[in-house]
Amino acid sequence: MDERFERLFLRQLASGFEDLRGAEVSVTLPVSERLLNELVSEAMPRPAPVRELHVRPQAGDRFAVRVRIGSSPLFPAFNVSLSIERQPELPGSPVLVLRMDTSGLLSLAGPVLRFLDALPPGIRVEHDRIYVDLSTLLEARRLSASLAYVEQLQVHTIDGAVVVSIRAAVRRQQPC
């Protein structure tokens, strides 16, 4: 993002978007598999023990994930099936919850990922659930305050894309 635009956006955010009072926006944003994987790659902490990570969105709020941890060829890649279990509930709980559907070798995936610290801040694994805290993820970009303007956020999948629907507004009297 252009630094000038970023500075302008952050100034407006800090002022409560005072120059945009009354604005409303509703957007449906399909994010391709390619772009999703670029975003995931950029979000991974450096250095991360994850050697390979590919997320493939599937129809019906599902994902197929291929993961390889460690640099040794002795560590095999494993596949994980995820489904969206709970949408973020704004403003109280900006957390997307995913459920791991695969059994067997997958039962080791959660503890291995936690142990290796392979997940960025804002993403945690507990048993067969993955919690994606949008506020914490946005905080890394100094954007968590922007969630105060989001009235609804839904994440769904179709084959080959994640579809994010957002409804946001800058109300005349925005909550502090």
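This is a predicted model: local features need pLDDT of at least 70, side-chain atom pairs count only at pLDDT 80 or more; totals for chains, interfaces and linings use all residues.

Me: Which residue caps the N-terminal end of helix 1?

Reply: That's Asp2, with a side-chain oxygen 2.7 Å from the backbone nitrogen of Arg4. Helix 1 itself covers residues 3–14 and reaches 16 Å from its first C-alpha to its last.

Me: How do I read which side of a helix faces where?

Reply: An α-helix has 3.6 residues a turn, so residues three or four places apart point the same way. Here, the buried residues of helix 1 are Leu10, Gln12 and Leu13. Down the helix axis they fall within an arc of 160°, so they line one face. The face turned away from that buried side carries the exposed Arg4, Arg11 and Ala14.

Me: What about backbone angles?

Reply: Most residues other than glycine have a negative phi, and most peptide bonds are trans. Gly16, which follows helix 1, has a positive phi near 75°. Phe17 isn't a glycine, yet its phi is positive too, about 55°. His127, also not a glycine, has a phi near 55°. As for peptide bonds, a cis one joins Leu90 and Pro91, with omega about 5°.

Me: Is Phe17 buried or exposed? And His127, buried or exposed?

Reply: Buried means under 20% relative accessible area, and exposed means over 50%. Phe17 has 9%, so it's buried; it sits in the loop between helix 1 and strand 1. His127 has 73%, so it's exposed, and its place is the loop between strand 6 and strand 7.

Methods: Residues are numbered from 1 along each chain as its sequence is written. Side-chain values use heavy atoms; hydrogens and water are left out. Helices (H or I, at least four residues) and strands (E, at least two) are DSSP runs, numbered from the N terminus. The expected span of a helix is 1.5 Å times one less than its number of residues. Buried means under 20% relative accessible area, exposed over 50%, partly exposed in between (1.4 Å probe, protein chains only). The arc is that of the directions from the helix axis to the C-beta atoms. A polar contact is a pair of N or O atoms within 3.5 Å; within protein, one must be able to donate a hydrogen and the other to accept it, and residues adjacent in sequence count only if both atoms are side-chain atoms.
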